[in-house]
Amino acid sequence: MRASPLILTLSLALLGCGSAPPAPEPAATVDLDALPGDSLYHLDVALTDQHGQSVPLSLFAGRPVIVSMFYASCPSACPMLVADIQRLEEQLTPEERAQTRVLLVSLDPEQDSPAALQAAVAQYGVDGERWRLTAPPVDQVRTIAAVLGISYQAVQSGELHHSSILTLLDPQGRPTARLDGLRQDPAPLVAALRQM
């Protein structure tokens, strides 16, 4: 892990994500030393997206990002979480929507292969260019969940019970606003995004 305990603590304090798939956005070169100390992009996490590509968190630098955690086989909360993000996007202008990225990180990377993530993209009907559904290494799930303030627990049914939190990152990867719970009014995130 590249992130120091101080960076993680600061991040948590600030919080109080038939045709060929679209071509993925090329990885941006980011000078991590130029980012503020409370940027989540300092986390050295190797995510694998729905295209099977390894992407660093810093890929999303330079744009507003809505981030949360989910898992592809989730029967109830995750589809509602995705619907909440889609409702938020409906309130954006086409230009704002084009600039905004969505990052969903799996709580169940052992099951969420690139094929499973691609199937979820199709199931939810989301834009596979702007939305990245990703799986981290198994040993990094808890770190990402802690930084995002998301709690989760496996239950006997095989499902994962988890909190549903949407966090808005500014272009430098700093958490600037969040919604806790499903079916919340997205206005605070929309307002925060427009202030960037």
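## Model confidence

The structure is a predicted model. Its chain has a mean pLDDT of 86, and 84% of the residues reach 70 or more.

## The open sheet

Seven strands form an open sheet in the order E2-E1-E5-E4-E3-E8-E9, and their pairing is mixed. Strand E2 (54-56) and E9 stand at the edges; each has a single partner strand, so one side of each lacks a neighbour in the sheet. On average, neighbouring strands are turned by 30° against each other, direction ignored.

Parallel pairing is found between E3 and strand E4 (residues 101-106), which are joined by six bridges. Within this pair, Met69 stands opposite Val105 of E4, and Phe70 has Ser106 as its bridge partner in E4. E4 also pairs with E5 in the parallel sense, over four bridges, where Leu104 has Leu133 of E5 as its bridge partner.

Antiparallel pairing joins strand E3 (residues 65-70) to E8 through three bridges; here the bridge partner of Ile66 in E8 is Leu168. E8 runs antiparallel to strand E9 (residues 175-180) as well, with five bridges between them, and Leu169 has Pro175 as its bridge partner in E9. The hairpin of E8 and E9 has five residues between the strands, and Gly173 takes a positive phi near 85° in this hairpin.

## Enclosed strands

Which residues of E4 lie on each of its two faces? Arg101, Leu103 and Val105 are on one side, with Val102, Leu104 and Ser106 on the other, and all are buried. Because six of the six residues of E4 are buried, this strand is largely enclosed by the rest of the structure.

E8 (residues 165-169) is likewise described as largely enclosed, because five of its five residues are buried. Ile165, Thr167 and Leu169 point one way from E8, whereas Leu166 and Leu168 point the other way; all are buried.

## Helices

Helix H2 (residues 77-90) lies across E3, E4, E5 and E8, and runs at about 170° to E3. H4 packs on the sheet as well, touching strand E1 (46-49), E3 and E5, and its direction makes about 150° with that of E5.

In helix H5 (residues 141-148), the buried residues include Val141, Ile144, Ala145, Val147 and Leu148. Viewed down the helix axis, the buried residues of H5 fall within an arc of 165°, so they line one face of the helix. An α-helix has 3.6 residues a turn, so residues three or four places apart point the same way. Just after H5, Gly149 takes a positive phi of about 75°.

## The buried Arg130

Arg130 is located in the loop between helix H4 (114-124) and strand E5 (131-135). Why does Arg130 count as buried? Its relative accessibility is 11%, and the cut-off for a buried residue is under 20%.

Leaving aside residues up to four places away in sequence, Arg130 touches Glu89, Arg97, Ala98, Thr100, Arg101 and Val102. A polar atom of the Arg130 side chain lies 3.2 Å from the backbone oxygen of Arg97.

Definitions and conventions: Residues are numbered from 1 along each chain as its sequence is written. This is a predicted model: local features need pLDDT of at least 70, side-chain atom pairs count only at pLDDT 80 or more; totals for chains, interfaces and linings use all residues. Side-chain values use heavy atoms; hydrogens and water are left out. pLDDT is the predictor's confidence in each residue, from 0 to 100. Buried means under 20% relative accessible area, exposed over 50%, partly exposed in between (1.4 Å probe, protein chains only). A polar contact is a pair of N or O atoms within 3.5 Å; within protein, one must be able to donate a hydrogen and the other to accept it, and residues adjacent in sequence count only if both atoms are side-chain atoms. Contact means heavy atoms within 4.5 Å. Two strands pair if DSSP finds at least two bridges between them. Axes are lines fitted to C-alpha atoms, for helices over the stretch in contact, and angles run from 0 to 180 degrees between N-to-C directions. The arc is that of the directions from the helix axis to the C-beta atoms.
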